[in-house]
Number of protein chains: 2
Amino acid sequence: MEGEPRFRAGPEFDLIAELAGRIREAGGAPPGRARIGLGDDAAVTVPGGATATSVDMLVEGIHFRRETALPRSVGRKALAAALSDLSAMGAAAGEAYLALGVPPRVDRQACLELYEGVAELSRETGISLLGGDVSAAPVLIVAVTVVGHADSPDDLVGRAGARPGQVLAVTGELGGAAAGLMLLERPELDRSLDSSLAAGLRRRQLEPPVRLAAGTALAAAGVAAMIDVSDGLGADAGQIAAASGVATRIELDGLPLQEGVAEVAQAAGVDGFDLAAGGGEDYELLVALEPDLVTEAVAAAGGAETALTVIGEVAEGSGVELRGPDGAVRPASGFQHLAER
Amino acid sequence: MEGEPRFRAGPEFDLIAELAGRIREAGGAPPGRARIGLGDDAAVTVPGGATATSVDMLVEGIHFRRETALPRSVGRKALAAALSDLSAMGAAAGEAYLALGVPPRVDRQACLELYEGVAELSRETGISLLGGDVSAAPVLIVAVTVVGHADSPDDLVGRAGARPGQVLAVTGELGGAAAGLMLLERPELDRSLDSSLAAGLRRRQLEPPVRLAAGTALAAAGVAAMIDVSDGLGADAGQIAAASGVATRIELDGLPLQEGVAEVAQAAGVDGFDLAAGGGEDYELLVALEPDLVTEAVAAAGGAETALTVIGEVAEGSGVELRGPDGAVRPASGFQHLAER
C-alpha cells in the first residue's frame with residue numbers, strides 16, 4: 001500500500017473509458033429514466049413521484065472469497081444484494097451506480113468480467129447502469145447504489161406496517177444460500193448429494209435471485225410490511241417486529257426449504273430448519289399481510305414466477321419466536337455456525 | 001483477512017444502530033425530500049423533475065493516509081468530493097448515502113468521528129444523510145453516493161456544451177490542494193512559510209470547499225459547460241474539450257493561485273503554475289461561457305461567495321493548450337510529480 005502512488009489517474013481513466021465503452025455497446029443511448037449516463041460529472045435522470053435508494057458493499061474476504069467466487073458472480077451478487085432492498089420496498093427497476101476498488105493482482109480481464117456480471121443482471125432486471133467510480137484498493141471492493149421508482153411514496157412498503165392478526169409469508173425457498181456456502185467451504189459435504197442439486201445450492205449462494213417483480217406485485221396486492229431475507233429469516237422477522245412494535249411467530253416446519261438443504265444440513269450435522277431460519281443471503285421477501293389478502297398475494301407472487309408460503313403470524317408483544325415441529329421455541333439468533341468456525 | 005468471520009452481523013449492526021441514532025439526533029424527522037430515512041430497506045424520497053447522481057470512493061493508502069488525515073477530515077473530504085460532481089452539474093443539494101468499510105484497527109470512536117465529519121458537512125450544505133452500509137474491510141473505505149435535484153434536466157449543465165468563441169473561467173483559487181499535499185508529505189517545506197498560510201494549504205487538501213451554491217448560480221446564469229477541477233485543471237479542461245468537440249486554451253499566468261502556493265512550489269523546486277494546472281483536488285468549477293455572459297456569471301459566483309476568473313478560451317480543434325507567460329505551450333499532462341515519487 002505505502003508504495004502505491006496517490007495520483008494514479010492513468011490506469012483508472014483507462015478502465016473507466018473501457019467500462020463506458022461497454023455500457024454504450026450494451027445500451028446505446030441511456031435508457032429508461034436516464035438523460036445523461038456515464039461520461040459526465042453525474043448521471044441525470046427523470047425520476048417518478050418517489051424514489052427508493054439503497055447502498056450495498058461487498059468486500060473480498062468478508063462477503064466473498066476469490067477462491068470460490070468468479071468475478072462475474074461477484075458482480076451479479078453485488079447488484080442482486082442491492083436490488084433486494086428495492087424489491088423489499090416494492091419499487092420498480094431504476095438505476096445502478098458501481099464503485100469498484102481494484103487490487104493490483106486483479107487484472108483488467110477480471111474487472112471486465114465482474115462488470116459484465118453487473119451488466120448482465122442489469123439487462124435481465126431492466127436496471128440502467130449509469131456510472132460510478134473506480135479506484136485502486138488492497139482487496140476487491142464492490143459498492144453498488146441502486147435507485148428504484150414508484151408513482152408515490154404511499155406505493156412503497158416499509159417494515160413498520162405489521163399489525164397483530166396478520167400472517168407472515170415468504171417468497172421462494174429458504175436455506176439454499178447457507179447450504180451452498182457450506183458446500184463451497186467444505187466440498188466434502190456434497191459427496192452424498194445429486195450433482196445438479198449441489199450445483200443449484202452453490203449457485204444460490206453465488207448468484208441470488210432478484211425478486212423485483214414479486215416485490216412490486218406484492219406491494220400492489222396490499223401487503224402491510226415487507227423486508228428482504230438477507231440476514232436470516234429470524235433476524236429479518238425481528239426487524240419487522242421492532243419497526244412495527246409487534247411480535248412475529250414463525251413455524252419452522254412450514255418453511256419452504258430449497259431441495260438439497262436438508263441433505264447438506266444432515267451431512268454437516270446441523271438442522272435444515274436452522275439453515276433456513278438463520279442462514280441469511282436467500283434474498284427472498286418476507287411480508288406481513290391481512291389473512292384475507294393471502295389468496296391475492298399468492299396469485300401476485302405467482303404472476304412474478306415465485307411461490308408465496310404462509311409461515312407464521314403477527315401478534316401483540318415484541319421480538320420473534322421460531323417454533324419447532326415439537327412446539328418448542330428456538331432462539332432467533334443469527335446463523336452463528338459459520339461465524340464461529 | 002482469512003481469519004475474519006464471514007458473518008459478523010453483530011458489530012456491524014451495533015455500529016449501524018449507533019450511526020442511525022446520530023442521524024436522528026442531528027435531524028429529527030428525515031428532512032427535505034426524504035420520506036423514509038435510515039432504518040428501512042431503502043430510503044424513500046420525493047425527487048424534483050430531474051436528479052443528478054454521483055458516486056465517489058476514497059480508499060486509505062490511495063486517496064488519504066491515516067498518518068496525515070484525521071477521521072473527521074476523511075469523512076468531510078469524501079462527501080465534499082462527491083458533492084463536487086453535483087456542483088459541476090448545477091444541481092441543488094439533495095441526499096447522501098455512505099458505504100463504509102472499517103478495518104479492525106479503526107475503533108468505534110474513529111468511525112463516529114468520520115461519520116461526524118460527513119454529518120457536519122451535510123448540515124453545512126443542506127444534504128440529507130439518509131443511510132448506507134457498513135462492512136468490515138482491510139483498510140478504511142468511504143464510498144459516498146450523492147443525489148442532487150433540479151426542476152428539469154435542461155437546468156443541469158454537462159460537459160458537452162462548450163463552443164468556439166466562448167471563454168473559460170474558474171471559481172475560487174487553484175493549486176492549494178497540491179501544495180497542501182506537499183506540505184503534509186514533506187513537512188520540511190513549510191519552514192519558510194507563514195504558519196497560517198501553511199495551515200490554510202493543508203486544510204485545502206484535507207477539507208476541500210464545496211461549490212454547490214456557485215454551481216447552481218452559474219447554471220442559472222447560463223454557462224454552456226461545467227466540470228469540477230478534481231483531476232487537475234489541464235485534465236479537466238481536456239474533458240470539456242473531448243466532450244464538446246473543441247479545443248481549450250488556458251493562459252497559465254492568469255490562473256488564480258491560492259496564497260502560499262508559489263512559496264511551496266519554490267521550496268519544492270517546481271513551478272507554482274504547474275501545481276495550479278496539474279495538481280488536482282482543488283474542487284473548483286471550470287466553466288465555458290459566452291463572453292457577454294461573463295459579468296453576469298462573475299456576479300452569480302460572487303453571490304455564492306466565490307470569485308470567478310477568466311483563464312482562457314474555447315477554439316476550433318481538439319485537446320487542451322496550457323500557455324506559459326513566455327507564450328510557450330506546456331503539456332497538459334496530469335500532475336505526475338507526486339505520482340512518480
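## Where the two chains meet

In this predicted model, 70 residues of chain B are in contact with 70 residues of chain A. The size of an interface is often given as the accessible area lost when the parts come together. Here, chain B and chain A bury about 5600 Å² between them. Of that area, 60% lies on carbon and sulfur atoms.

The rule finds 2 salt bridges across the interface of chain B and chain A. One of them joins the side chains of Arg159(A) and Asp41(B), at 3.0 Å from N to O. On the side of chain B that touches chain A, strand S3 (residues 50-59) of chain B gives the largest share, 9 residues. By class, that side of chain B has 37 nonpolar, 17 polar and 16 charged residues.

## Strands that pair across the chains

Strand pairing also links the chains. Strand S3 (residues 50-59) of chain A is joined by 3 bridges to strand S2 (residues 43-45) of chain B. The two strands run antiparallel. Look at Thr51(A) for an example: Thr45(B) in S2(B) stands opposite.

## An enclosed strand in chain B

Now turn to strand S4 (residues 92-102) of chain B. Of its 11 residues, 9 are buried, so S4(B) is largely enclosed by the rest of the structure.

S4(B) pairs with strand S6 (residues 141-150) of chain B in the antiparallel sense, over 8 bridges. In this pairing, Leu98(B) has Val144(B) in S6(B) as its bridge partner. S4(B) also pairs with strand S5 (residues 128-136) of chain B, over 8 bridges, but in the parallel sense. There, Val102(B) stands opposite Ala136(B) in S5(B). In a regular strand the side chains alternate between the two faces of the sheet.

## A seven-strand sheet in chain A

Chain A holds an open sheet of 7 strands with mixed pairing. Their order is S8-S10-S7-S11-S9-S12-S13. Which strands stand at the edges? They are strand S8 (225-228) and strand S13 (329-330) of chain A. Each has a single partner strand, so one side of each is left without a neighbour in the sheet.

Within this order, S11 and S9 are written side by side. Strand S9 (residues 247-251) of chain A is joined to strand S11 (residues 308-315) of chain A by 4 bridges, and the two run antiparallel. Ile250(A) stands opposite Gly312(A) in S11(A).

Note on methods. Residues are numbered from 1 along each chain as its sequence is written. Chains are lettered from A and ligands numbered from 1 in the order in which they are written. This is a predicted model: local features need pLDDT of at least 70, side-chain atom pairs count only at pLDDT 80 or more; totals for chains, interfaces and linings use all residues. Side-chain values use heavy atoms; hydrogens and water are left out. Contact means heavy atoms within 4.5 Å. Buried area is the accessible area (1.4 Å probe) that two parts lose on being put together, summed over both. A salt bridge is a side-chain nitrogen of Lys or Arg within 4 Å of a carboxyl oxygen of Asp or Glu. Ala, Val, Leu, Ile, Met, Phe, Trp, Tyr, Cys and Pro count as nonpolar, Asp, Glu, Lys and Arg as charged, and the others, Gly among them, as polar. Two strands pair if DSSP finds at least two bridges between them. Buried means under 20% relative accessible area, exposed over 50%, partly exposed in between (1.4 Å probe, protein chains only).
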